[in-house]
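Please look over the model shown here. A short report on its chains follows the display.

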Amino acid sequence: MGSTHSLRYTHLPRHSRGGGNPERRALRLRTWIPAFAGMTKVCLVTLVAALAALTLTAPLAAQDMLPPAPYAYKQLADPAQERKAQALMETLRCLKCQSQSIADSDAPMAGDMRHQVRTRIAAGEEPEAIRQWLIERYGDYVSYTPQVKPITWPLFAAPLLFLALAAFLLRGRFRRRKGA
Amino acid sequence: MSDATPKKGPGLAVWLPLGLFAGFLALVIVGLYWPADREVSSAFIGKPLPAFDLPPASDDRPGLATAQFKEGGKPRLLNVFASWCVPCKVEAPQLAALAQQGVEIDGVAIRDRKEDVAGFLAQYGNPFKRIGKDDLSQVQLAIGSSGVPETFVVDGKGIIRYQHIGDIRQEDIPLILRKLAEAQ
């Protein structure tokens, strides 16, 4: 016989069960079943309609048929170079899926960018040179690591300013406590 | 003790949290109604086309190399497309119209198979003089293009003068023609 506990967590009982309280609860639940079933049906219909709509628009998400670039998913043989490449790839924005790094993205274009990064690192290019190459083409947006530039100085100055402000605001407290 | 100072009313400071919240709300509303521009425009406008030499993507059109852009003297369109790209199909009639008006269009097919390009051109028309096959998106990355379709106006000296992001609509044609004229 099911306990009170099992009544709550297993599927709804369709026949009466032993015991007083659990049985009453089962009865109450049974009256709800039609309502639940109705809602479930509506949900299912909506889901099927949504899926059908998705299938119809599927070509919009069409992707190319080519295999990924050779170094899209293949690491460089030299672990030191691969480490460099990985560190860089984690700080480059995928342009197709803009809140992901190219290291995180499975977009074909991100794969091509990883290929580009790895082959250039393998050819001995410095990571920062590759970053600059991309910034020249896509602007600062392509780099997750902010560049020190006239327009970005608040980014670097703000923590210092806030520290100074905090010190200024707190100086009275320290002084008072010393006096007490 | 801090009680040494005379007790004041709550003052204006009591509104600070509400003020902060209102400011935050305003920020959210601005972000919702005027979302940031997600298009990444090329920073390579005004710069010469980088060196590339792509093999042909189609059997009846030659491949595409940087040198060809420098010999002409007449501005051309460089259309970045792919057979698997739906807006590229939408854009095809506009490219055909431009080609009919005497605009020379070169294509770069991104991550595409020859048979797919052939099928695409057979179905939607072939406005291209040359089509390069860019299997690793190398030219796309080199000119700062972040998707398909994109169309670049390249002047007779091989300098990129304008970038159109997304498919060229009917209403974009005058703009494209103007940019081509400006690049003369």
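The report below goes from chain A to the interface, the sheet of chain B and the cores.

## Chain A: helices and domains

This is a predicted model. Chain A has six helices and zero strands. Its pattern along the sequence reads α-α-α-α-α-α.

Three domains are assigned in chain A: domain 1 (4-58), domain 2 (79-144) and domain 3 (146-175). The C-alpha centres of domain 2 and domain 3 of chain A are 32 Å apart. Chain A has 180 residues, of which 17% count as buried. Take the contacts in chain A between residues at least 6 apart in sequence: 44% of them join residues at least 24 apart.

## The A–B interface

On the chain A side, 22 residues are in contact with 20 residues of chain B. Two elements of chain A, α4 (108-122) and α5 (127-138), each give two or more residues to this side. The largest share comes from α4(A), with six residues. By type, the chain A side divides into 12 nonpolar, five polar and five charged residues.

## The sheet of chain B

Chain B holds an open sheet of five strands. The strand order is β5-β4-β3-β6-β7, and the pairing is mixed. The edges are β5 and β7 of chain B; each has a single partner strand, so one side of each is left without a neighbour in the sheet. From one strand to the next, the twist averages 20°.

β6(B) and β7(B) pair in the antiparallel sense, over five bridges. In this region V154(B) has I160(B), in β7(B), as its bridge partner.

## Nonpolar cores

Which residues have the most contacts inside the largest nonpolar core? They are F81(B), A82(B), V108(B), A109(B), V148(B), F152(B) and V154(B), in a core of 35 residues. The elements of chain B that give two or more residues to this core are the strands β3 (76-81), β4 (105-110), β5 (128-134), β6 (150-154) and β7 (160-165), together with the helices α3 (86-100) and α4 (114-124).

V148(B) shows the contacts in detail. Beyond its neighbours within four places in sequence, V148(B) is in contact with V80(B), F81(B), A82(B), C85(B), C88(B) and I110(B). Another core, of 18 residues, lies apart from the largest one. Its members include C94(A), V117(A) and I130(A) from chain A and V40(B) from chain B.

Notes: Residues numbered from 1 in each chain as written. Chains lettered and ligands numbered in written order. Predicted model: local features only at pLDDT ≥ 70, side-chain atom pairs only at ≥ 80, totals over all residues. Domains from an automatic or database assignment. Contact = placed C-beta atoms within 7 Å. Helix = DSSP H or I, 4+ residues; strand = E, 2+ residues; numbered from the N terminus. Nonpolar A, V, L, I, M, F, W, Y, C, P; charged D, E, K, R; others polar. Buried ≥ 20, exposed ≤ 12 C-beta atoms within 10 Å, placed from the backbone. Core = buried A, V, L, I, M, F, W, Y, C linked by C-beta atoms within 7 Å. Pairing = 2+ DSSP bridges. Axes fitted to C-alpha atoms, helices over the stretch in contact; angles between N-to-C directions.
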